[in-house]
Amino acid sequence: MAAKLKYLSHRERKRKFGFSFFESNYQFTSSIIANSERKGIRSDLLQMGEKWVLMKTAQTPTNIAVIKYWGKRDETLILPVNDSISVTLDPAHLCTTTTVAVSPAFQQDRMWLNGKEMSLSGGRYQNCLREIRKRAREVEDKERGIKIEKKDWEKLHLHIASYNNFPTAAGLASSAAGFACLVFALAKLMNVSEDESQLSAIARQGSGSACRSLFGGFVKWIMGKEDDGSDSLAVQLVDEKHWEDLFIIIAVVSSRQKETSSTSGMRESVETSSLLQHRAKEVVPKRTIQMEEAIQNRDFASFAKLACADSNQFHAVCLDTLPPIFYMNDTSHRIISYVEKWNRSEGTPQVAYTFDAGPNAVLIARDRKAAAQLIQRLLFYFPPKSDTDLDSYLLGDKTILKDAGLEGLEDVKALSPPPENGSAQKYPGDVSYFICTRPGKGPILLSNDKLALLDPETGLPK
């Protein structure tokens, strides 16, 4: 039997329904609606006469822990065995951009990462989507005549496109930036009222470190004590302007995906490493307090000592795991050696090093002068290959090259061996490239539609 339809004019629809998007140009008879519901089809969207796409685009930084998070006491809720502290990196140099869109025309939730479609069926994505949808509120775009009520969000599907401007799954916290950006963008799209700390507890369920990317500057992830994880969230210690002297140089030793993911590595460490238990109970609580004091006082000597020690202990835990986990490689070890020798020769630390779950070195210089001297040392030992120009070998804040007196490859070739190290051996090609950055701000919404990753008409990747 054919459906009986009644067409409502634009004026009638506006008078009767006030543009609520579940009211439409067509009215189906109740029998047709009931039939569609029995088939599992959303009757409200079947009634939809207009097609529209509502979007938000956000940019979220990555972060690097200076007191490491390694090990969970709850795998599902991602609750850590200890507190951690991180520095947020400048999103101009390392960030995730995510566009989220909603439309009655979308048939299912879909996601594209760096241009490639990926499944959203994983528990971590589903946890974040579920928690954000639970907190969604009414959204109205009067100009376009769109009104989404709170109850409607459970029935609408989403399209998500995300892009990292740095290597994914290579130890640069790409998952942290990714899940933080997803949660932040969805919160803006769905008009969620929770603040950044409350949102961090949702982002945490996607990737533990993601909770720390909801803020700029230095951030603490409080492990919490509650079984439901309600008190396991991030708080900002200081903003990005508190310690503006700091410069951060990242040596990307490898951009390849890790052999052992952080998730499986942590699980194995919790199950087999006695050092992890000692670290979580005895070392980190005291070290966290000391690190907070060093950050508040801008005490670089204490900061460097603590950051280096914590990084080394984290990798010692990885070696104490059965089977042992090797995230660093020979190049990582050489960088540590060069930094330690230079710091000792100066009598006070010039640079702190820290390594996450990968071989890439994050080097934090006490000021711009130290950063310039550091880049001279790094380029002496790890010059670019002959077919690589300096401009593509050092990314991010390139002004540091001028401070270091380096304008081209000829200047790199003319560098003298650092006096503190007896060896003048060079390792061209052992570092893929360097990124120079600084402590940065937290997530932002991008108002420029040209920066959106989804087409505003179709909701598909551009």
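Two residues are in contact when heavy atoms of each lie within 4.5 Å. Keep that in mind for this predicted model, where local features need pLDDT of at least 70, side-chain atom pairs count only at pLDDT 80 or more, and totals for chains, interfaces and linings use all residues. Residues are numbered from 1 along each chain as its sequence is written, and side-chain values use heavy atoms, with hydrogens and water left out.

Start at Asp 397. Setting aside neighbours within four places in sequence, Asp 397 is in contact with His 93, Phe 247, Arg 368 and Cys 436. Asp 397 sits in the loop between strand E19 (394-396) and helix H13 (399-403). Helices (H or I, at least four residues) and strands (E, at least two) are DSSP runs, numbered from the N terminus. The side chains of Asp 397 and Thr 399 are joined by a polar contact of 2.5 Å. A polar contact is a pair of N or O atoms within 3.5 Å; within protein, one must be able to donate a hydrogen and the other to accept it, and residues adjacent in sequence count only if both atoms are side-chain atoms.

Now turn to helix H11 (residues 368-381). Its 14 residues should span 20 Å at 1.5 Å a residue, and the end C-alpha atoms are 20 Å apart, which agrees. The expected span is 1.5 Å times one less than the number of residues. Asp 367 caps the N-terminal end of H11, with a side-chain oxygen 3.3 Å from the backbone nitrogen of Lys 369. In H11, 10 of the 14 residues are buried, so the helix is largely enclosed by the rest of the structure. Among them are Leu 374, Arg 377, Phe 380 and Tyr 381.

Finish with the rings. Ring pairs link Tyr 338, Phe 380, Tyr 381, Phe 382 and Tyr 427 into a cluster. Rings of Phe, Tyr and Trp (its six-membered ring) pair if their centres lie within 6.5 Å; planes under 30 degrees apart count as stacked, over 60 as edge-to-face and the rest as tilted. The structure holds 15 aromatic pairs. For Tyr 69 and Trp 221, the centres are 4.6 Å apart and the planes at 65 degrees, so the pair is edge-to-face.

Key: Buried means under 20% relative accessible area, exposed over 50%, partly exposed in between (1.4 Å probe, protein chains only).
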